[in-house]
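Notebook open, viewer loaded. I'm jotting down what I look up as I go.

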Amino acid sequence: QTRQLTLRISVRVISISIKAMKSKIFTLLDVAFLGLLVAPRICAFSPLKRTTVSSPTRLHSYLDSLSGLGTPSPVNFFADDDTTTTSAVSSTGFQHIPVLSLDQADVISSAAVRICQRNGFNPVTVIVLDQSGSPIVSKRMDGCPPVGVTDFAMAKAYSCIVNKYPSRAFRDRYTAEPNQAAKFCQMTAMVDISQGKMAPFPGGILLTTADGQIVGAVGVSGAAGDEDEYCAIQGVREANVAGLFTVPETHSCATVKDPQ
């Protein structure tokens with residue numbers, strides 16, 4: 001059926017060209033231009049090219065008008081016929097995705113550093129990621145080891161983005177139950193497959209909106225795991241970013257000096 005339609009169009013183009021040449025309406029240049037105009041649409045009907053053509057009737061009506069069967073009118077051969085679907089999609093607009101700004105990430109990281117100093121924890125590195133796992137801000141306190149700790153903070157935050165839960169939960173899900181060697185192997189395999197980009201220990205938290213949309217993550221490393229996590233959670237609280245929530249909401253640190 002496709003080949004018949006292609007042949008029909010080709011024959012009609014040739015017929016129109018011959019009539020135009022005889023009546024001296026078109027020059028050779030006009031015929032060549034007509035061929036260039038119609039050729040892409042003919043190719044679209046070829047069985048060798050798996051392209052869906054919206055409607056051949058537009059081409060037929062234009063060819064009929066050129067051969068004297070109708071009134072010529074401008075035709076866009078490359079427009080889609082399915083205007084209903086197009087308008088329905090465009091009317092919905094773009095999906096709104098909340099984005100953590102640089103200023104917000106900077107305030108959070110600075111608050112986490114301040115909390116670490118205030119509680120007398122070992123110096124830490126703080127990393128804030130966006131919802132895609134890309135770093136927005138990275139801060140390393142004076143005295144924090146320059147090797148390893150930054151990678152740990154990054155891995156904690158990245159684990160949150162990948163798993164959609166805190167890095168503490170990553171550990172607990174695979175080690176909480178005794179005699180579960182298979183789960184432990186699965187956890188270590190996940191870390192290995194990610195090429196060390198994930199970390200199954202406390203210090204990484206999720207950042208979400210009120211309806212649970214993930215907007216980023218915070219990873220802290222350099223102090224004890226519970227202390228790292230406390231700096232991250234409390235840092236977000238003290239940053240006071242409107243509409244921003246943490247997962248987990250509460251900390252598990254027993255060495256906090258802040259009033260509770």
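Predicted model: local features only at pLDDT ≥ 70, side-chain atom pairs only at ≥ 80, totals over all residues.

Entry on burial. I checked how many residues are tucked away, and 39% of the 260 residues in the protein chain count as buried.

Entry on the parts list. I found nine helices and five strands in the protein chain. Going along the sequence, I wrote the pattern down as α-α-α-α-α-β-β-α-α-α-β-β-α-β.

Entry on contacts. I took the contacts in the protein chain with a separation of 6 or more, and 63% of them come from residues 24 or more positions apart.

Entry on the sheet. In what order do the five strands line up? I read E2-E1-E4-E3-E5, an open sheet with antiparallel pairing. The edge strands are E2 (135-140) and E5 (245-247), and each of these pairs on one side only. Neighbouring strands in this sheet are turned by 20° against each other on average, ignoring direction. Reminder from class: strands of a sheet pair through backbone hydrogen bonds.

Entry on one pair. I zoomed in on E1 (residues 125-130) and E4 (residues 214-221), which pair in the antiparallel sense over six bridges. Thr125 has Ser221 in E4 as its bridge partner.

Last entry. Which strands does helix H9 touch? Helix H9 (residues 225-239) packs on the sheet and touches E3 (204-208), E4 and E5. The direction of H9 makes about 140° with that of E4.

Definitions and conventions: Residues numbered from 1 in each chain as written. Heavy atoms only, no water. Helix = DSSP H or I, 4+ residues; strand = E, 2+ residues; numbered from the N terminus. Buried < 20%, exposed > 50% of the residue type's maximum accessible area, 1.4 Å probe, protein only. Contact = heavy atoms within 4.5 Å. Pairing = 2+ DSSP bridges. Axes fitted to C-alpha atoms, helices over the stretch in contact; angles between N-to-C directions.
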